[in-house]
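Dear colleague,

Please find the structure below, handed over for your own work.

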Amino acid sequence: ARLDLAKEQVKKHDLDIFWFFYRKAQATGKGEELLQLYRNFLEMDRTFTEKKQLYADLMNAVNFIREETPYDEIENGLDELKPIEMKFQYTLEEILESATYQPFLEDSAKEIIQKYLSQHWVYFTKPVYDDQALVVLFDAVHAFYQIVDDSYFKAKKALLSFQMDLVK
């Protein structure tokens with residue numbers, strides 16, 4: 001009950017803060033700009049935890065690659081990776097197409113992701129791993145982590161900076 005009450009109070013404070021800044025923005029003709037900054041941040045905030053979980057799932061799924069592993073366990077590990085990797089690929093495509101993420105995507109990250117998405121990579125062919133394919137995978141995973149973290153931070157910073165400018 002106390003937790004529910006606290007959540008309701010936080011929600012009310014959030015709305016009060018929003019309306020305070022919205023009135024200020026409207027008074028200076030910047031209401032739509034504030035709304036767009038809120039939309040961008042809230043969209044990232046809505047999916048942030050899910051994307052961080054996907055990253056953790058990916059790292060757990062490829063953990064076996066870092067160890068000396070029998071062939072049958074490698075093949076099982078790669079089979080377990082497939083559904084996670086499919087979700088990862090879908091999420092990367094969403095990010096590349098998302099108007100919310102576009103302002104925060106660096107060209108180098110786009111290139112890494114596009115290279116990864118450009119083909120089906122085979123990471124292991126008995127008896128060896130394909131080091132080049134693994135580098136492409138790990139570069140894409142690292143780029144994904146950076147994009148998610150940096151975009152979230154930059155979207156929040158843009159919103160807060162805009163709000164600060166309204167009260168100067």
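In the largest nonpolar core, which has 47 residues, the members that touch the most others are Leu34, Phe88, Tyr116 and Tyr123. Such a core is a set of buried Ala, Val, Leu, Ile, Met, Phe, Trp, Tyr and Cys residues joined through side-chain atoms within 4.5 Å; buried means under 20% relative accessible area, exposed over 50%, and partly exposed in between, with a 1.4 Å probe and protein chains only. At least two core residues come from each of α1 (2–27), α2 (31–61), α3 (71–97), α4 (107–117) and α5 (131–166), and α5 gives the largest share, 15 residues. Helices are DSSP runs (H or I, at least four residues), numbered from the N terminus.

The model is predicted: local features need pLDDT of at least 70, side-chain atom pairs count only at pLDDT 80 or more, and totals for chains, interfaces and linings use all residues. Residues are numbered from 1 along each chain as its sequence is written, and side-chain values use heavy atoms, leaving out hydrogens and water.

Beyond its neighbours within four places in sequence, Leu34 is in contact (heavy atoms within 4.5 Å) with Phe21, Tyr22, Ala25, Leu159, Phe162 and Gln163.

Asp45, in helix α2, is partly exposed at a relative accessible area of 34%. Asp45 and Ala155 are 110 residues apart in sequence, yet 9.4 Å apart in space, C-alpha to C-alpha.

Kind regards
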